[in-house]
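Me: Can you walk me through this one? I'm new to it.

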There are 2 protein chains.
Amino acid sequence: MKLFDGGRAPNPRRVRTFLAEKGLQVPLVPVDMGALEHKEQPVSSRNPLKRLPVLELDDGTIITESVAICRYFEELHPEPALFGRGALGKAIVEMWQRRVEFNLFGCVAAAFRHIHPAMKEWEIPQIPEWGEANKPKAIEFLRFLDAELAGREFVAGDAYSIADITGLVAIDFMKPARIKVPEECTNVLRWYREISSRPSAAA
Amino acid sequence: MKLFDGGRAPNPRRVRTFLAEKGLQVPLVPVDMGALEHKEQPVSSRNPLKRLPVLELDDGTIITESVAICRYFEELHPEPALFGRGALGKAIVEMWQRRVEFNLFGCVAAAFRHIHPAMKEWEIPQIPEWGEANKPKAIEFLRFLDAELAGREFVAGDAYSIADITGLVAIDFMKPARIKVPEECTNVLRWYREISSRPSAAA
């Protein structure tokens, strides 16, 4: 088994953080996304969508999509549960994972890809107006999340989950996207400090 | 238990199609999205993000996000399996569900919301250039999917899954978004005809 990894890019980091929380080690194949290596044959032959990460099993089976790769490991190594427990717990984690992915992670990514000069060859056409439109959407979601985090430790409840991983990566991605967590979102800032201090955040 | 439903909108239809495939009946609370009723108190008090569908359990617990609601029912009623079987099967379904959601469903939704005049009050700001940019992305993914469907019956393998539901709803959503499946995508057209003829497609 090997994981084609994209270094500092957000989706590869989601999987590495997930594996660290599980205590799993998977051999990494580094891919230099800055040099657009993910568009070259080793990646494109495995994932025609030319995105990372890509997991290759020993029999050659390919799994792409960060959350799908995480779910594969969740099924094989259920503890600690990072996708929730029981029907309701799993649904709540999935709800929050999606809420954070669509309303924060996705908005931050759009702001970065459509505004940052370094993304000109990545996002074609780059539409700065669309990038700017995503910034207030991200802020609005952070205010909603802040109210939710007043009553609990983690995004999806009292246990750390994949929704926290998506949130961690999204918040760190805000820096290059030039979006700041509003100072009054003290619950978000407390939660971010806590999940950032876990060893998995450095994976 | 009751499901706040949004009629013809794509996400509510995903859940209704899923329930029909499971043979489950859940009492529906109709919400007129054309009249923006999803922004009013009955929905906004249950889902501050003001989106449908919303599932309310008998104890008042709320589950939002179409795929999270579907997963709740999958856990309670595992047959027929619509999220895959086993670690690898579940990962492959999740991979395809996400590929279809991000590269087709999401692109079609962006084209519709950012171009259609009726969406002016929904998508603020409406950015037609971004809507147009999504049309070739959807077409490009359909060509990729067409090559995949040459070798199997359904999107994620030999069994119908939630990835097919997301695909069905996305293709039907292409009509108001004014995107057409390329005529040469004969495998996509064959697959679409088959899944459209299932009783669940009318749910």
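Me: What is chain A divided into?
Reply: Domain 1 (2–76) and domain 2 (86–202). Those bounds come from an automatic or database domain assignment. This is a predicted model: local features need pLDDT of at least 70, side-chain atom pairs count only at pLDDT 80 or more, and totals for chains, interfaces and linings use all residues. Residues are numbered from 1 along each chain as its sequence is written, with chains lettered from A and ligands numbered from 1 in the order in which they are written.

Me: How far apart do the C-alpha centres of the two domains of chain A lie?
Reply: 21 Å. The contact takes 9 residues from domain 1 of chain A and 10 residues from domain 2 of chain A. Two residues are in contact if their C-beta atoms, placed from the backbone, lie within 7 Å.

Me: Which element gives the largest share on the domain 1 side in chain A?
Reply: α1(A), with 7 residues. α1 (10–22) and α3 (66–76) of chain A each supply at least two. Helices (H or I, at least four residues) and strands (E, at least two) are DSSP runs, numbered from the N terminus.

Me: New topic. How many residues does each chain put into the contact between A and B?
Reply: 29 from chain B and 29 from chain A.

Me: And which elements of chain B give two or more residues there?
Reply: β4 (62–64), α3 (66–76), α4 (86–115) and α5 (128–149) of chain B. α4(B) gives the most, 10 residues.
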